[in-house]
Amino acid sequence: MKKIVIIDGQGGRMGKGILEQLRQKQVKAEIGAVGTNSIATATMLKAGADWGATGENPVLVACRNADIIAGPIGIVVADSLFGEVTPAMAIAVGQSSAQKVLLPANLCGNYVVGTGQLTLTQAVQLAAEHILQLCEN
């Protein structure tokens, strides 16, 4: 069984959306939620995460044995999400051997060229579809 780790910050809306999509499609995987703050973690837990944790060290630990890591693109950029992503967190995500599914969140000083003007709902749907494909392989 695949181990999916969803990392999100701020209010956790992006992570919540991914979780809801995956649960709706009944993905056969363990899904953990790591929030950069307690509100994001709580939001993802309410959306159906199997487990949740908050802060820098849980990100470091979860990235070690994840098969898939999903979240906003800022999780690989130090000091993004208005400073919620520490350099150690960005390194842990970037160096993880997990497949990364990064959603374009053109905020916080990061702009991803070529993504068009996807709404959050569209980006979440595309991310969930890609994660499902990764779980099937």
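In the predicted model, residue D50 touches R23, A29, E30 and I31, when neighbours within four places in sequence are set aside. D50 lies in the loop that connects helix α2 (38–46) with strand β3 (51–54). With a relative accessibility of 46%, D50 is classed as partly exposed. The side chains of D50 and R23 are joined by a polar contact of 3.0 Å. A29, another residue in contact with D50, is 21 residues away from D50 in sequence, and the C-alpha atoms of the two are 9.6 Å apart in space.

A29 also takes part in strand pairing, as the bridge partner of K2 in strand β2. Strands β1 (residues 2–8) and β2 (residues 29–35) are parallel and are paired through seven bridges. Together with helix α1 (residues 13–24), these two strands form a β-α-β unit that is right-handed. Strand β1 also runs parallel to strand β4 (residues 68–72), to which three bridges join β1. Within β4, residue A70 is the bridge partner of I6. Six of the seven residues of β1 are buried, and the strand is thus mostly covered.

Helix α6 (residues 120–136) contains 17 residues. From its first C-alpha to its last, α6 reaches 24 Å, close to the 24 Å expected at 1.5 Å a residue. The buried residues of this helix are A123, V124, A127, A128, I131, L132, L134 and C135. Since an α-helix has 3.6 residues a turn, residues three or four places apart point the same way. The buried residues of α6 pack against β1, α1, β2, β4 and β5 (99–103). The elements of the β-α-β unit, namely β1, α1 and β2, are therefore among the packing partners of α6.

C135, one of the buried residues of α6, has a relative accessibility of 17%. C63 is buried as well, with a relative accessible area of 3%. The closest cysteine sulfur to that of C63 belongs to C135 and is 16 Å away, so the two are too far apart for a bond. The sulfur of C135 likewise has that of C63 as its closest cysteine sulfur, at 16 Å. A disulfide requires sulfur atoms within 2.5 Å, and by this rule the count of disulfides is zero.

Notes. Residues numbered from 1 in each chain as written. Predicted model: local features only at pLDDT ≥ 70, side-chain atom pairs only at ≥ 80, totals over all residues. Heavy atoms only, no water. Buried < 20%, exposed > 50% of the residue type's maximum accessible area, 1.4 Å probe, protein only. Helix = DSSP H or I, 4+ residues; strand = E, 2+ residues; numbered from the N terminus. Pairing = 2+ DSSP bridges. Right-handed = clockwise from strand over helix to strand, strands pointing away. Expected span 1.5 Å × (residues − 1). Contact = heavy atoms within 4.5 Å. Polar contact = N/O pair within 3.5 Å; in protein donor to acceptor, adjacent residues only side chain to side chain.
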